[in-house]
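Work through the two exercises below with the sequence and the 3D view open. Each task is followed by a solution in steps.

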Amino acid sequence: MSALRTPVVDQLGIEHPIFGFAHDITTVAAITNAGGIGVYGATRRFPHEIADELAEIRRLVGDRPFGVDLVLPDGMPEHNSRADIERHIPDEHRAFVAGLIDKYDVPDPSGPGMRTRFIRSAEIESDQLEAVMASDVDLFACGIGAPRPAVERARELGKTTAALIGSPRHVRRALEAGVDIIVAQGYDAGAHTGPIGTFTLIPQIVDAVADGSDGRVPVLAAGGVATGRHIAAALAMGAQGVWLGTTWLTTTEHAAHLHPKLVPKLLAAGSADTVVTRSESGKTFRQIRSAWSDEWDAPDAPEPLRMPYQDVLVGDLLGAIDEHGVEPLLHSGAGQGIGYASELRPVADVMDDLVSEATRAIDGLPGR
Ligand SMILES: Cc1cc2nc3c(=O)[nH]c(=O)nc-3n(C[C@H](O)[C@H](O)[C@H](O)COP(=O)(O)O)c2cc1C
């Protein structure tokens, strides 16, 4: 039997224990169709869009399983009102953002940016959850925060549930929420990330989850998993599978949706070319280093605001940078594993290489 045939593979009815997070439905479907399980990052999508997009992924994958991910942080405002948030944004921050627009000659966006299409609020989160529950998606993953009622409801509907966590301190809460799978995401990861490195984190979370769940709940390793050797190491650390985000950014399917000027930046970036900054969303967020992160890191820059205030402060500008491909501010969330990507490749080829290299790495271990 293949060394990659861990219990989570049978639990979900997939071929390989490789979970792939992406913001693009074609990429998500390709990951599932290549034998892993694609997970659609839907947190910035309107509820009606989520309903349509999940239905479209189902059409593309047939009976094969796929997932959806929502970020449901505590402490967001009750209502979807931009004006309420705007009132709390200090003048110093507005002036700084206006200065960036001026300095880099950023054209106006044609509409609100990804982070300002709507304001993250309890109201919109509840509607997004409704759309997920009404769909036939197989896996429901919670990015930041796993609210127990949402997890319980998804499980009652027959969906598998997962929570991403970045510290062993969060294990108890995730298990109390009742999730079926825990994703341990280390510091190397792209986008929102915590302070503990992946190698340090995984065994700690594996042990804490085994203790707290009598070994019932599998752990997936996330953050810097970019090759088959990483997968072998993740299994050796006690994970049953892996969860990848950065790897898919440089697939042919995904790159088709990026600004053409961003693609060479991603392919050229090495592992030392990412930084963690709060300037994107208000929470620590790993991205490719650019003039955007440098400007916010400068001694005279204001401290970024908390989420969702920072979202509102910078959302339209980030949208304009992406829409118009404004060098040198153009950037993307990406993890340290970006250093492994030097050319665009189809998802199916990436998946084949991950699986064959992982198998070779495990078979080649001394004593096997
Ligand atoms: C561009 C980008 C955006 C991401 N957005 C989300 C998100 O909205 N929700 C979430 O749970 N995880 C998000 N993640 C994190 C992934 O789910 C995953 O945990 C992470 O990418 C794994 O580490 P890696 O980037 O080293 O592969 C994002 C990752 C990237 C690269």
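**Exercise 1.** Sort the residues that line the second largest pocket by class, and find which element gives the most to the lining.

*Solution.* The lining divides into seven nonpolar, two polar and five charged residues. Here Ala, Val, Leu, Ile, Met, Phe, Trp, Tyr, Cys and Pro count as nonpolar, Asp, Glu, Lys and Arg as charged, and the others, Gly among them, as polar. α14 gives the most, with four residues; helices are DSSP runs of H or I with at least four residues, strands runs of E with at least two, numbered from the N terminus.

The model is predicted: local features need pLDDT of at least 70 and side-chain atom pairs 80 or more, while totals for chains, interfaces and linings use all residues. Residues are numbered from 1 along each chain as its sequence is written, and side-chain values use heavy atoms, without hydrogens and water.

**Exercise 2.** Describe how domain 1 and domain 2 meet.

*Solution.* Step one: locate the parts. Domain 1 covers 1-80 + 118-249 + 345-362, and domain 2 covers 81-117 + 252-342; the bounds come from an automatic or database domain assignment.

Step two: count contacts. 33 residues of domain 1 touch 32 residues of domain 2, with contact meaning heavy atoms within 4.5 Å.

Step three: look for salt bridges (a side-chain nitrogen of Lys or Arg within 4 Å of a carboxyl oxygen of Asp or Glu). The rule finds two across this interface. Asp311 and Arg44 also form a salt bridge through their side chains, at 3.1 Å from N to O.
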